[in-house]
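Hello,

Here is the structure I said I would pass on. My notes follow below it.

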Amino acid sequence: YAGARDIFLSRFQPDGTLAFTRLLGGDADDQPSALSLDRSGNLYLAGTTASPDFPASGPKAGTPVSFLLKLRDDGQHTFAAERLAQAPERGAHLLE
């Protein structure tokens with residue numbers, strides 16, 4: 001987590017107790033843009049990363065790319081993809 005920006009995500013139960021906290025990031029800047037929840041309780045997180053070691057495999061040359069992560073209700077990611085949009089700022093539109 002050496003980048004100037006990393007991502008942390010916390011989820012709380014309906015009674016206010018902490019379900020999980022995840023820190024996501026890599027050697028460069030990582031930034032969230034959008035968050036969505038499906039009916040099964042899975043979280044979808046979209047954003048941009050310039051980290052080659054980001055969980056979505058990251059860019060190869062340090063150029064920011066869009067990513068999409070799917071996290072189960074326990075905080076473990078089950079799906080990760082990157083380079084889903086032509087321009088990094090488009091990451092926010094992946095969940096529209």
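What share of the 96 residues in the protein chain is buried? Buried residues make up 38% of them, where buried means under 20% relative accessible area, exposed over 50% and partly exposed in between, with a 1.4 Å probe and protein chains only.

On provenance: this is a predicted model, in which local features need pLDDT of at least 70 and side-chain atom pairs count only at pLDDT 80 or more, while totals for chains, interfaces and linings use all residues. Residues are numbered from 1 along each chain as its sequence is written, and side-chain values use heavy atoms, with hydrogens and water left out.

The protein chain has zero helices and six strands, in the order β-β-β-β-β-β from the N terminus. Helices (H or I, at least four residues) and strands (E, at least two) are DSSP runs, numbered from the N terminus.

Strands β3 (residues 30-37) and β4 (residues 43-49) are paired antiparallel through seven bridges; two strands pair if DSSP finds at least two bridges between them. Leu37 has Leu43 in β4 as its bridge partner. Five residues separate β3 from β4 in this hairpin, and Gly41 in the turn has a positive phi of about 90°.

Val65 belongs to strand β5 (residues 65-71). Its relative accessibility is 10%, so Val65 counts as buried. The C-alpha atoms of Val65 and Thr49 lie 5.6 Å apart, with the two residues 16 apart in sequence.

Of the contacts (heavy atoms within 4.5 Å) between residues at least 6 apart in sequence, 42% join residues at least 24 apart.

Regards
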